Amino acid sequence: MELAPILLFVYNRPLHVERGLASLLQNAEAKDSELYVYSDAARSAADEEAVRQVRKTVHGATGFRQVHIIERTENWGLARNVIDGVSTVINRHGRVIVLEDDLVVSPYFLRFMNEALETYKDEPRVGHIQACDFTQDATLPDTFLIQWTGSWGWATWQRAWAHFNPDGRELLRKLEERRLTRRFDFNGTYGFTRMLRRQIEGKNNSWAIRWNASLFLEDILSLNVGRSLVSNEGLDGSGTNSISGDPYVSRLWMQPLRVEKISPVEENEAARKAFERYYGRTNSFRAKVFRRLRGMVKGWFRF
């Protein structure tokens, strides 16, 4: 089995990059995998030193079959970087594994992702693999199919990426015309439609919401995990789109996760209900107020 290339998108967090690379190197498959690092340029003078440190770190990366470093000479932002990077590398290799700089992975992450990419390579109804679980719901099976795409440690194929539509306005129009917004929002428990509207209005620049909507409209499923092989270390508030808090913290699964082809290829409705329960619990007004107050209290005691 030819191993998929790994794409790593980095910006201005050298310590996060070091931790992420170190965790990748704990995977036996790393030595036979090509690593593509996309390093964005500083947005302002305040970020220049951190970007320089990140680039020094990635230029020193060893332990992979080959390391390709793409240094932007101007600030592209995460969305433009991801869209361009995935498109470029997937057209060359046919499949990709994608990480951002704040992610730490299990020693069995690359094995799982490559086995899943191979197992489902010819299944047109599966277009995405997601290796992070933040629900911590014990009722979820090890792997399941769901009509939703997560962006923390994922993989896809060229055939699926061909469905990506960067036009948020068109995606929203189709969701509304087909009366799919409530299901897209997990029965109204999370505002994915609102996120898409905000992308259209220029209030966020999310590539992930457009990827989610693109596959959702095509009725293409994601293979998800119920045991997380990825942990997001950027929930400390250091990331562009991260918040300080722990509703999406995951427990890293440190054992192999077996890939078995699921048949029939259809959405696991029990898993969808589990996500609805999770979002209903963590995205309620009461939960948001509690997190805000807790954050304020932590800030007070820090001084």
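This report describes the fold, helix packing, aromatic pairs and backbone features of a predicted model.

## Overall architecture

The protein chain contains 11 helices and 10 strands. Of its 303 residues, 53% are buried. Among contacts in the protein chain with a separation of 6 or more, 82% are between residues 24 or more positions apart.

## Packing of helices H6 and H8

Helix H6 spans residues 168–177 and helix H8 spans residues 192–200; their axes come within 9 Å and cross at roughly 145°. The crossing of these two helices is left-handed. On the H6 side, the contact is formed by Gly-168, Arg-169, Leu-171, Leu-172, Leu-175 and Glu-176. On the H8 side, the contributing residues are Thr-193, Leu-196, Arg-197, Gln-199 and Ile-200. Sorted by class, the contact has five nonpolar, three polar and three charged residues.

## Aromatic pairs

The count of aromatic pairs in the model comes to 27. One of them joins Trp-148 and Phe-275, whose ring centres are 5.2 Å apart; their planes stand at 55°, so the pair is tilted. Trp-148 belongs to the loop between strand E7 (143–146) and strand E8 (154–157), whereas Phe-275 belongs to helix H10 (residues 269–282), so the pair ties together parts that are 127 residues apart in sequence. Are these two residues buried or exposed? Trp-148 has a relative accessibility of 6% and therefore counts as buried, since the cut-off is under 20%. Phe-275, at 2% relative accessibility, also counts as buried.

A further pair is formed by Phe-164 and Trp-211, with ring centres 6.3 Å apart and planes at 55°, so this pair is tilted as well. Phe-164 is placed in the loop between helix H5 (158–161) and H6, and Trp-211 in helix H9 (residues 208–217); the pair therefore ties together parts that are 47 residues apart in sequence. Both Phe-164 and Trp-211 are buried.

## Surroundings of Phe-275

Setting aside residues up to four places away in sequence, Phe-275 touches Thr-135, Leu-140, Phe-144, Ile-146, Trp-148, Phe-186 and Asn-224. The C-alpha atoms of Phe-275 and Phe-134 are 9.8 Å apart in space, although the two residues are 141 residues apart in sequence.

## Charged groups over rings

Two arginine side chains can be described relative to tryptophan rings. Arg-72 lies over the face of Trp-76, at 3.5 Å from the ring centre. The charged end of Arg-159 is positioned over the ring of Trp-157, 4.3 Å from its centre.

## The loop between E6 and E7

Gln-136 and Asp-137 both fall in the loop between strands E6 and E7, where strand E6 covers residues 126–130. Gln-136 has a phi near 50°, a positive value in a residue other than glycine. With a relative accessible area of 33%, Gln-136 is partly exposed, because that class lies between the cut-offs of 20% and 50%.

Asp-137, by contrast, counts as buried at 15% relative accessibility. Apart from neighbours within four places in sequence, Asp-137 is in contact with Arg-227, Ala-274 and Arg-277.

## Other backbone features

Most residues other than glycine have a negative phi, and most peptide bonds are trans. Against that background, two further sites can be noted. Asp-219 has a phi near 55°, a positive value in a residue other than glycine. Asp-219 is located in the loop between H9 and strand E9 (221–225), and is partly exposed, with a relative accessible area of 37%.

Which peptide bond is cis, with omega near 0°? The bond in question runs from Ser-263 to Pro-264. Pro-264 is part of the loop between strand E10 (230–232) and helix H10.

Terms used: Residues numbered from 1 in each chain as written. Predicted model: local features only at pLDDT ≥ 70, side-chain atom pairs only at ≥ 80, totals over all residues. Heavy atoms only, no water. Axes fitted to C-alpha atoms, helices over the stretch in contact; angles between N-to-C directions. Helix = DSSP H or I, 4+ residues; strand = E, 2+ residues; numbered from the N terminus. Left-handed = near helix turned anticlockwise from the far one by under 90°. Contact = heavy atoms within 4.5 Å. Nonpolar A, V, L, I, M, F, W, Y, C, P; charged D, E, K, R; others polar. Phe/Tyr/Trp six-rings, centres within 6.5 Å; stacked < 30°, edge-to-face > 60°. Buried < 20%, exposed > 50% of the residue type's maximum accessible area, 1.4 Å probe, protein only. Lys NZ or Arg CZ within 6 Å of the ring centre and 35° of its normal.
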